[in-house]
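Here are my notes on the model you sent over.

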Amino acid sequence: MSETNPRPHAGVVFPDEWNQDEGTPDIASVANAIQVWAMFNPPYRHSVRHVGEVFNLDDAQVRQAVEAHYWMYLDGPDDDPHQQFIEHDGE
């Protein structure tokens with residue numbers, strides 16, 4: 001039985017287009033996945049670190065996805081992912 005990497009995309013900067021060769025999703029897909037997940041998981045305000053744990057992403061990847069999404073933004077200090085929260089316009 002071969003071992004698999006539980007975080008195959010750790011540290012990756014997500015590209016603008018899905019990388020079929022590497023299996024790396026595009027940033028829009030990651031951002032949309034985070035937004036949809038957050039809307040289905042009250043209290044709707046999740047920390048950068050919590051979302052990273054759910055999606056097996058590092059803090060920079062979560063921030064990249066939020067910043068790339070039109071309806072999401074970050075609230076809180078950049079130096080504390082436990083106290084930096086993802087907010088959604090139009091809630």
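1. Asp 75 has a relative accessible area of 35%, so it goes down as partly exposed. Do bear in mind throughout that this is a predicted model.

2. Arg 45 has another partner. Its side chain also meets that of Glu 87 in a salt bridge, here at 2.4 Å from N to O. Glu 87 belongs to strand 3 (residues 85-88) and Arg 45 to the loop between helix 1 and strand 1, so this pair ties together parts that are 42 residues apart in sequence. Glu 87 has a relative accessible area of 13%, so it counts as buried. Put together, Arg 45, Asp 75 and Glu 87 are linked in a network of salt bridges.

3. Arg 49 is in helix 2 (residues 48-55) and Asp 59 is in helix 3, so the bridge ties together parts that are ten residues apart in sequence. Arg 49 is buried because its relative accessibility is 18%.

4. Now the helix packing. The axes of helix 1 and helix 2 come within 12 Å and cross at roughly 105 degrees. The two helices are therefore roughly perpendicular to each other. On the helix 1 side, Ala 33, Ile 34 and Trp 37 make the contact; helix 2 supplies His 50, Val 51, Val 54 and Phe 55. Sorted by class, this contact has six nonpolar residues, one polar residue and no charged ones.

5. Leaving aside neighbours within four places in sequence, Ile 27 is in contact with Phe 14, Pro 15, Asp 16, Gln 64, Ala 65 and Ala 68. Its C-alpha atom is separated by 7.4 Å from that of Glu 17, ten residues away along the chain. Gln 35 is also found in helix 1, and its side chain makes a polar contact with the side chain of His 69 at 3.2 Å. With neighbours within four places set aside, Gln 35 is in contact with His 69, Trp 71, Met 72 and His 88.

6. Which residues does Gln 61 touch, not counting those up to four places away in sequence? They are His 9, Ala 10, Gly 11, Val 12 and Phe 14. Gln 61 is in helix 3 (residues 59-68), and its relative accessibility is 1%, so it counts as buried.

7. Finally, some backbone details to check by eye. A cis peptide bond joins Pro 42 and Pro 43, with omega at about 20 degrees; Pro 43 is in the loop between helix 1 and strand 1. Tyr 44 lies in the loop between helix 1 and strand 1 as well, and has a positive phi of about 75 degrees although it is not a glycine. At 35% relative accessibility, Tyr 44 counts as partly exposed. Asn 56 is another non-glycine with a positive phi, of about 55 degrees. You'll find Asn 56 in the loop between helix 2 and helix 3, and it is partly exposed, with a relative accessible area of 37%.

How values were computed
Residues are numbered from 1 along each chain as its sequence is written. This is a predicted model: local features need pLDDT of at least 70, side-chain atom pairs count only at pLDDT 80 or more; totals for chains, interfaces and linings use all residues. Side-chain values use heavy atoms; hydrogens and water are left out. Helices (H or I, at least four residues) and strands (E, at least two) are DSSP runs, numbered from the N terminus. Buried means under 20% relative accessible area, exposed over 50%, partly exposed in between (1.4 Å probe, protein chains only). Contact means heavy atoms within 4.5 Å. A salt bridge is a side-chain nitrogen of Lys or Arg within 4 Å of a carboxyl oxygen of Asp or Glu. Axes are lines fitted to C-alpha atoms, for helices over the stretch in contact, and angles run from 0 to 180 degrees between N-to-C directions. Angles under 35 degrees count as roughly parallel, over 145 as roughly antiparallel, 65 to 115 as roughly perpendicular and the rest as oblique. Ala, Val, Leu, Ile, Met, Phe, Trp, Tyr, Cys and Pro count as nonpolar, Asp, Glu, Lys and Arg as charged, and the others, Gly among them, as polar. A polar contact is a pair of N or O atoms within 3.5 Å; within protein, one must be able to donate a hydrogen and the other to accept it, and residues adjacent in sequence count only if both atoms are side-chain atoms.
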